[in-house]
Amino acid sequence: MQGLRQYSSDVVRLDLSPPSPTATSSASASAVAVIPTNLSIDAEESAETKIQRLISEHPVIIFSRSSCCMCHVMRKLLATIGVHPTVIELDDDEISALPPPTAHDAEPPCNPSAPAVFIGGACVGGLESLFALHLSGHLVPKLVEVGALWV
């Protein structure tokens, strides 16, 4: 799996840049042990396509910068409720590949900068939006609706 590294605390570091031609040929020439994971990577996908696929594959996913304290607080809030989201750390140049908000996404509109949380494929927004959803009492029903939480 090109560009995928596992870190402690279930954080996955995903390099969305396309592999170099020499890295592809050397990887195919030798046998490489690959750690199984559900984050499949297709080297031919663009960063935008990979992000869209990850959003559609995971009921709760957070896109963050490395060592982002707001992401840590998001994860703690969701873990307290009983949800363990997929966390993808992006480089600054990959943040721009986050999808823009759509009309059916949560209000207020999602800020496509990191950290950004997506629940059921819909952009919730950043930390402030996630807390507002929780304090209004709408977070748990939304998590149950997308199958990320069983009550």
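Reader: Why is E57 called partly exposed?

Author: In this predicted model, E57 has a relative accessibility of 36%, and since buried means under 20% relative accessible area, exposed over 50% and partly exposed in between, with a 1.4 Å probe and protein chains only, E57 counts as partly exposed. R53, by contrast, is buried, because its relative accessible area is 17%.

Reader: What makes R53 and E57 a salt bridge?

Author: The closest N and O atoms of R53 and E57 are 3.2 Å apart, and a salt bridge is defined as a side-chain nitrogen of Lys or Arg within 4 Å of a carboxyl oxygen of Asp or Glu, so the pair qualifies. The structure holds one salt bridge. The two residues are four apart in helix α2 (residues 47-57), which means that about one helical turn separates them; helices (H or I, at least four residues) and strands (E, at least two) are DSSP runs numbered from the N terminus.

Reader: Which conventions should I keep in mind for such values?

Author: Because the model is predicted, local features need pLDDT of at least 70 and side-chain atom pairs count only at pLDDT 80 or more, whereas totals for chains, interfaces and linings use all residues. Residues are numbered from 1 along each chain as its sequence is written, and side-chain values use heavy atoms, with hydrogens and water left out.

Reader: Why is the pair of F63 and F118 called edge-to-face?

Author: The ring centres of F63 and F118 are 5.8 Å apart and their planes stand at 85°. Rings of Phe, Tyr and Trp (its six-membered ring) pair if their centres lie within 6.5 Å, and planes under 30 degrees apart count as stacked, over 60 as edge-to-face and the rest as tilted, so this pair is edge-to-face. A search of the whole structure finds one aromatic pair. F63 lies in strand β3 (residues 60-64) and F118 in strand β5, so the pair ties together parts that are 55 residues apart in sequence. Both residues are buried, F63 with a relative accessible area of 0% and F118 with 4%.

Reader: How do you know that the buried residues of α5 lie on the same side of the helix?

Author: In helix α5 (residues 127-135), L127, S129, L130 and L133 are buried. They cover an arc of only 165° around the axis, which puts them on the same side of α5, the arc being that of the directions from the helix axis to the C-beta atoms. On the other side of α5, E128 and L135 are exposed. The cover over the buried residues of α5 includes α3 (69-81), β5 (116-119), β6 (122-125) and α6 (139-145), where contact means heavy atoms within 4.5 Å.

Reader: What makes V73, F131 and L135 a nonpolar surface patch?

Author: Patches are made of residues with over 30% relative accessible area and no salt bridge, like charges being joined within 9 Å and nonpolar side chains (Val, Leu, Ile, Met, Phe, Trp, Tyr) within 5 Å. V73, in helix α3, is partly exposed with a relative accessible area of 33%, so V73 passes the area limit. The patch made by V73, F131 and L135 comes to about 280 Å², accessible areas being taken from the Shrake-Rupley method with a 1.4 Å probe, where for residues only the protein chains shown count as cover.

Reader: Why does V151 count as exposed?

Author: V151, in the segment after α6, counts as exposed because its relative accessibility is 84%.
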